[in-house]
Structures are given as structure tokens and as C-alpha cells.
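Visitor: I would like to learn how to read a structural model with some care, feature by feature. Could you take me through one?

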Amino acid sequence: MSVRVRFAPSPTGYLHVGGARTALFNWLYARKLGGVFILRIEDTDRERSTDAHTQVILDGLAWLGLQWDEGPIFQGACGSRHRADAERLLAEGKAYRCFCTPADLEEQRKASAAGKAAFKYDGRCDRLPAGEVAARLAQGAPSAIRFRMPKGEIDWEDAVHGRISFQGHDLDDLVILRSDGTPIYNLAVVSDDIDMRITHVIRGDDHVSNTPKQIALYRALGHEPPVFAHVPMILGSDGKKLSKRHGATAVGDYRNQGILPLAMRNFLALLGWSPGGDREILPESEMIAAFSLGGIQKKPAVFDTAKLEWMNGQYLSQLSADELLAPTRRELERMGIALDHRDLRPVINAVKARSRTILHIAEQVAVRLDGMRTKRDERGQQLVAKMGPAYTTNLRSVVEALEAVPESDWTPDHLLGYLKAVAEAQSLKLGDVMQPVRVALTGSTVSEPVNELLAVVGRQQSLARLRSAS
RNA sequence: GGCGCUAUCGUCUAGGGGCCUAGGACACAGCCCUCUCAAGGCUGGAACACGGGUUCGAAUCCCGUUAGCGCUACCA
């Protein structure tokens, strides 16, 4: 039987990095086994689901290059099947009607909390005589359908964790169909996974405790459960589950910060999984070839932004200026800087070695071609002050010499010669003539070699800016 | 509280009884290169949570302790 896996996010928020990694593992597994990767949108929570969120998820997956083979299938469209499954369980005596209202249950919960024990539905409606049930239904009393949880042990061989077992008597008789006829998550998932002939359920560890309930449901519906693989959570630097207060948690946030999709995907793959050996930067083909569920870590992983940026830098350095051009332009557009008429490639080449993100590249381009001052370079003025009067004196000497340089000599090689000549003539160290130029042109003490910087900014612009600075 | 899961450098991990005086990567420190900063190269500090077993031999197997995390809805 061929492998069929699914990624099933609910469109109630953005595409979280944890979700993205779950999607990635599903995708890798499908690709590795020649299986089918299906996208299902779990939108049964009508209140919180929106089309906008769905679109963000679709965009995020596409950006990461995780192409799905089937779907997106919308769970909300399968309500009649969910209802039919619930009613079948009811008819077969595997479920029962529950007339407890949410208010009743709230009260039961409170009473139980006082006794320090965990609340567990006591099955009072399961003990209602058949006549009573019929009478209440006849009166039109609203009722939900509850699944009667089998009492024995429920266990499975988890592809990541190994054997996990629960005792049926620790589990609740869970509601599977609300009184308004809509399904509850655990039923919808099982019903859909059966319908879609899912063979492997690869999802987050937060679903481990749902698994025994779902296995019971599978059996009650007359189907063998699929293979389950529960992948560990992703934590913030403080060891708590990654959330908004840790800063960026959505895939889109990293996209906006100038992270490349392949770098993001590679980083995510290494969070909780290792190809074995010492490999880190993996092309898609190697990643797929090396992937296995057994190679997934059992413990949660901390999301380390520094390593993500390092990895992004690795990918960045492998790309040519031509390949970096489009993303850089997109970033500049987002920044509201119009440089459409300029050839950005020489500048990109000059700055990319010192950049870890596309955003940083775009900023450097803007500084050079648009005279933009970035926030991080605002301290340029302070640097000038720090250099004292020598800054102005030395800068003037350079400007004077550079003004005599013809356009035809305005190249990195020739400029280096001119700068060295200035240093020699003034008995200065090369750094003493270069650093003022660097600061004047970029507002920063950090940049590519000054002769390259001058070439990239261009003769006219360089001289104009240096003059006004000196 | 109950149930479940987990436990190797600060972080991501290699490791599946002897190859481990525990390897790699990020981060950090130093050196080289150098006009600055990156990149690159070299060097360094840094971990098997604790306690019992099993075994000739345990990071690796078993038990317990501790700690962390997850779940505990007519949410998903």
C-alpha cells in the first residue's frame, strides 16, 4: 500500500514554525517513500477560522517549497460524513446521547475540582433508561453524542517514541458530535483520515494524548489505525513552548526578515532531526534520501535564531548576484525605496559577504545607492565625533585627490592606488584615509573595502557625498 | 492533582555495550589574514541530570529519584 500522509493545520492563526516543520516532515516522508502528501484545512471551528488565515498557510507552504499532491481539502465540507459516522456509532451502541448542557458540565467540573481530582465525565447520561432518552428527545431537548470509551489498555508503536500506552479507564467518554450537529475534532480527524486513506499520521507531540481516543474511534468505526509518529515541540530560548512573546514565530515573519526559503527549510529540518554524521547544509535530494521517522529526536528543541541566520548566510553566499536580485528588489520595494533604474548586481556582490539576510543586503544597497541611513548606522555621527579633527582633515585630503581621478580610473584597482598615494603623501596609515571615507559614505565603520565601496557608489555620488561631509 | 512524554556542551545534535581521555555545528574567546567588518583558516573553554542495578565493560540496557514539557473542553 502506498504511503499517504497529511498536514492538517487549522486556519485560526498564521503558519507557525512548528506547523511548518510538521508539514516538512510529512513532505519529506512522502517524497522519500514515493507517497502522497495531502493538505487538509481543519476549519470546523467556524468562529476562529478565516479565509485569510488559510491563504497565509497556503502561501507559507508554497514559499517553503512544500508542494502538496492533493487538496486542500476543507474539513468543514465533510460535515455530513462526520455526522453519519457519529450516528452510526450511536446506532451500534458504541456511543450514547448526552443531555448535559455546557452549564451542567461546568457545574460538574467545579464540584470535581473541589475534590482535587481530575474531572472526568461520570457517564450519567449513559445510565438513562431508554424510555427517558426517548421522552427527552420527543420533548426536543438538545443532545450531544458521546463516545463510550473502551476500558482496556490502548497502546501503539509510535514511529518516533516507540511503544506508548494509555489505560481506557483514564480516558473520558468524549463528545464526538455537538448538540448543534457539528463534529468535535477527534471524530472529524479520524473520519477524515479514514476517508483519505491516510497511512501515517505525523504530527506534534501535543497530540499524543489524543491518540488513544482516536485509536478507539478507529476501531469502533471498524478500521485499523494508521502508523503514528509524534514529533517533539519547538521551544523558545527560555525552554517554554514557542509563542508570540518570543518574537517571531510565524513563517511569514522570517520571510519578512529576509530569510531564504531553502535556508528556513534546512534549519527546520535540523530541528529535531539529524541526517546522521556531521552533515548540516543539505540539498533537497540528500535531505529526502536521509530522512527517516526513526531519526527524529524524542525531546523538544529550542529554536535558535542565531543558527538560522548563520545558515541563511551560508545559503546567501552560494547565490549569485543574479539570483539575489529579485528578492533584494522585493525588499527594497517593501522599504519604499525606488531603485528600479539601477543595476543592483555590483552592489549586491559587494555587500553580500557581509550580510546574513536579504533585508540586510537591501539595507546596504539602499545606503550605497540611495544615501539611506539605517538605524544601526545612526551612530555614524558619533563615530565622526570620536575621530576628532583628523576625520575632517584626512577626508579633505582624500576628496582633493579623488577629484582628480578621471571617470575611466574609477575602478576598485585604480582607486586603491590613488588611496595609497594619498596615505603616502600625507604620511598616514592607509586606514586613516580609508576609514573617514567609509564613515562618510555609509555612516558605519563596517563595509566592504573602501576602494570597492567608492566604485560601487560611483564617482559623482561619492564625490558629492564626500564633499558635503568634509 | 491525574495521565502521558522526555533527559549528551549555553543551543542544535552524533552516539544505539568496548572505536568515547564523548565527535560536529551555532554561539563565545584568542590567533592568522586585513584599511574596517565579514568570509576563510587555526586554537581554546564547554555536556553524558542524580542514584541504584545488569555486564568483564555502560552516554548507550533495566529500575527509581529529580527536573522539564504536553494533555486534562459540546477548541483544534
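Guide: What follows is a short tour of confidence, pockets, strands and aromatic rings.

Visitor: What pLDDT does chain A average?

Guide: This is a predicted model, in which local features need pLDDT of at least 70 and side-chain atom pairs count only at pLDDT 80 or more, while totals for chains, interfaces and linings use all residues. Residues are numbered from 1 along each chain as its sequence is written, chains are lettered from A and ligands numbered from 1 in the order in which they are written, and side-chain values use heavy atoms, with hydrogens and water left out. Where pLDDT is low, the predicted coordinates should not be read in detail. Chain A averages a pLDDT (the predictor's confidence in each residue, from 0 to 100) of 90, and 96% of its residues score at least 70. The model has an ipTM of 0.94 and a pTM of 0.92.

Visitor: What volume does the largest pocket have, and which residues lie nearest its centre?

Guide: On a 1 Å grid over the protein atoms alone, a pocket is an open set of points where a 1.4 Å probe fits, with protein on both sides within 12 Å along at least five of seven lines, and lining residues have an atom within 4 Å of a point. Grid points are joined across faces, edges and corners, and a volume is the space filled by probe spheres set on the points. Here the largest pocket has a volume of about 1,100 Å³, and among its 42 lining residues Pro 9, Ser 10, Gly 19, Asp 206 and His 207 lie nearest the centre. Helix H1 (17–33) gives the most to this lining, with 5 residues; helices (H or I, at least four residues) and strands (E, at least two) are DSSP runs, numbered from the N terminus.

Visitor: Which helices supply at least two residues each to the lining of the second largest pocket?

Guide: The second largest pocket has a volume of about 470 Å³, and of the 23 residues that line this pocket, Trp 63, Gly 252, Arg 255, Asn 256 and Arg 330 are the closest to its centre. Helix H2 (51–63), helix H8 (251–256) and helix H12 (321–335) each supply at least two lining residues.

Visitor: What is the order of strands in the open sheet of 3 strands?

Guide: Two strands pair if DSSP finds at least two bridges between them. The open sheet has the order E4-E5-E8, with antiparallel pairing. Strand E4 (95–98) and strand E8 (175–177) are at the edges with a single partner strand each, so one side of each is left without a neighbour in the sheet. Strand E5 (residues 144–147) pairs with E8 over 2 bridges, and Ile 145 has Leu 177 in E8 as its bridge partner.

Visitor: How are the rings of Trp 156 and Phe 166 arranged?

Guide: A pair of aromatic rings is described by the distance of the centres and the angle of the planes. Rings of Phe, Tyr and Trp (its six-membered ring) pair if their centres lie within 6.5 Å, and planes under 30 degrees apart count as stacked, over 60 as edge-to-face and the rest as tilted. The whole structure holds 6 aromatic pairs. The rings of Trp 156 and Phe 166 have centres 6.1 Å apart and planes at 5°, so this pair is stacked. Trp 156 lies in strand E6 (residues 153–158) and Phe 166 in strand E7 (residues 162–167), so the pair ties together parts that are 10 residues apart in sequence. E6 and E7 pair in the antiparallel sense over 6 bridges, and a hairpin joins E6 to E7 through 3 residues.
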